[in-house]
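Trainee: I would like to go through this model term by term and hear what each label rests on.
Mentor: Go ahead, and ask for the rule each time.

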Amino acid sequence: MVVEAEEQLSQAIGKDDESEIVTEDSAFVHPEPPHDDSGPPKVESPVEILHEKVTKQIIKEGHGQKPSKYSTCFLHYRAWTESTGHKFEDTRHEQQPLEMVLGKEKKEMTGLAIGVSSMKSGERALLHVGWDLGYGEEGSFSFPNVPPKADILYEVELIGFDETKEGKTRGDMTVEERIGAADRRKMDGNDLFKEEKLEEAMQQYEMAIAYMGDDFMFQLFGKYRDMALAVKNPCHLNTAACLIKLKRFEEAIGQCSIVLTEDENNMKALFRRGKARAELGQTDAAKEDFLKARKFSPGDKAIVRELRLLAEHEKAIYQKQREIYKGIFGPRPEPKPQTNNRLIHLLVLFWQWLVSFFKRERAKED
């Protein structure tokens, strides 16, 4: 059955082995993140039969080409066992896309690979994979929630793919090759950003970042680490700039914070995080970021402008609060006219003397 599936996969993805990097006008790799409900999404689109044991329903259309055999695909997915509804894997939660070379995937990924081979860049789909092309008759040792003979449901998003003649994975590349591949993606993203194709630009930035995962960065020291960060950090910062334009401020804060863990004094990261925080009304945190950024660029007009806007915003809130409290407690009472306190004092003294005088006169009579 697995051999038949591999033959089916070869037919599905073709035998085109031209060496190129695909930069087609693909759909947005960062749509609004899928809701992390207790179970897989409900999809009403038609069911497409890809294989006897694999079906697909499109959630979001993609654009451009489909990957061919030996394409290096980058994807995010969530996976559930159909019988129990238990989610056992989520690459978005782990913040690390899966890298899959079609035709060289692991045995338990055969069904997933068939589904991915039918997708276009940016496409999101729900796949149903029979147990024969999943974790098989014994289930999974790594994922105890996957019992024997478990059919699998995958919510998959194809971020993008590279066409390579030999199907070389990131792990097979030299440090220079990985950094070079990431830098090409970054440059493609920059071109798309200039054209205001923000979603497509973010796709390229995420592909670039995928070449420099945590496991790779952990092994780098000295000049190689500096070379990698010179590509990786701008990708995070440019992604943040896209997210701010798209008004997805929480995600922008996350991208800037990643850079600041490596370089706590990065002026661009501080500025863009401050801007995103200001948009969310986190004025104290935003002000802190702007002030720290100003230390490294005192004459930056953009920073000065944002600090001025924050001050004006705080003043407007203060004035509004005054008006609200004024309405609650009413107008301030008019002050009462002051009485001549000296006259009152003299009258009191006269009264005390008069009482004392009458008491003495009565005592004389007695």
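Trainee: How many helices and strands does the protein chain have?
Mentor: The protein chain has twelve helices and eight strands. Helices are DSSP runs of H or I with at least four residues, strands are runs of E with at least two, and both are numbered from the N terminus. This is a predicted model, in which local features need pLDDT of at least 70 and side-chain atom pairs count only at pLDDT 80 or more, while totals for chains, interfaces and linings use all residues. Residues are numbered from 1 along each chain as its sequence is written, and side-chain values use heavy atoms, with hydrogens and water left out.

Trainee: Why is phenylalanine 88 called buried?
Mentor: Buried means under 20% relative accessible area, exposed means over 50%, and partly exposed is in between, with a 1.4 Å probe and protein chains only. Phenylalanine 88 has 9% relative accessibility, so it counts as buried. Its place is in strand 5 (residues 87-90).

Trainee: Which residues does phenylalanine 88 touch, not counting those up to four places away in sequence?
Mentor: Phenylalanine 88 touches Ala79, Trp80, Thr81, Tyr135, Phe143, Asn145, Val146 and Ile152. A contact means heavy atoms within 4.5 Å. As for arginine 78, ten residues away along the chain, its C-alpha atom and that of phenylalanine 88 are separated by 7.8 Å.

Trainee: What share of contacts in the protein chain between residues at least 6 apart in sequence joins residues at least 24 apart?
Mentor: The share is 71%.

Trainee: What makes helix 3 largely enclosed?
Mentor: Eight of the eight residues of helix 3 (residues 110-117) are buried, so the rest of the structure largely encloses this helix. The buried residues are Thr110, Gly111, Leu112, Ala113, Ile114, Gly115, Val116 and Ser117. Over the protein chain, buried residues make up 43% of the 366 residues.

Trainee: Why is isoleucine 303 called buried?
Mentor: Isoleucine 303 has a relative accessible area of 0%, and therefore counts as buried. Isoleucine 303 is found in helix 11 (residues 301-329). Not counting residues up to four places away in sequence, isoleucine 303 touches Met267, Phe271, Phe290, Ala293, Arg294 and Ser297. The C-alpha atoms of isoleucine 303 and alanine 293, ten residues apart along the chain, are 7.6 Å from each other.

Trainee: Is lysine 247 buried or exposed?
Mentor: Lysine 247 is at 63% relative accessibility, so it counts as exposed. The residue lies in the loop between helix 7 (222-245) and helix 8 (249-262). Arginine 248 is also placed in the loop between helix 7 and helix 8, but at 7% relative accessibility arginine 248 counts as buried. The C-alpha atoms of arginine 248 and leucine 280, 32 residues apart along the chain, are separated by 9.8 Å.

Trainee: How many disulfides does the rule give?
Mentor: A disulfide is a pair of cysteine sulfur atoms within 2.5 Å. By this rule the count is zero. Cysteine 235 is buried at 0% relative accessible area, and cysteine 256 is buried at 0% as well.

Trainee: Which residues lie nearest the centre of the second largest pocket?
Mentor: They are Leu98, Glu99, Lys106, Glu108 and Met109, out of 18 lining residues. A pocket, on a 1 Å grid over the protein atoms alone, is an open set of points with protein on both sides within 12 Å along at least five of seven lines, and lining residues have an atom within 4 Å of a point. Strand 6 (residues 98-101) gives the largest share of this lining, four residues.

Technical notes:
1 Å grid on protein atoms, 1.4 Å probe; cavity = no way out; pocket = protein on both sides within 12 Å on 5 of 7 lines; lining within 4 Å.
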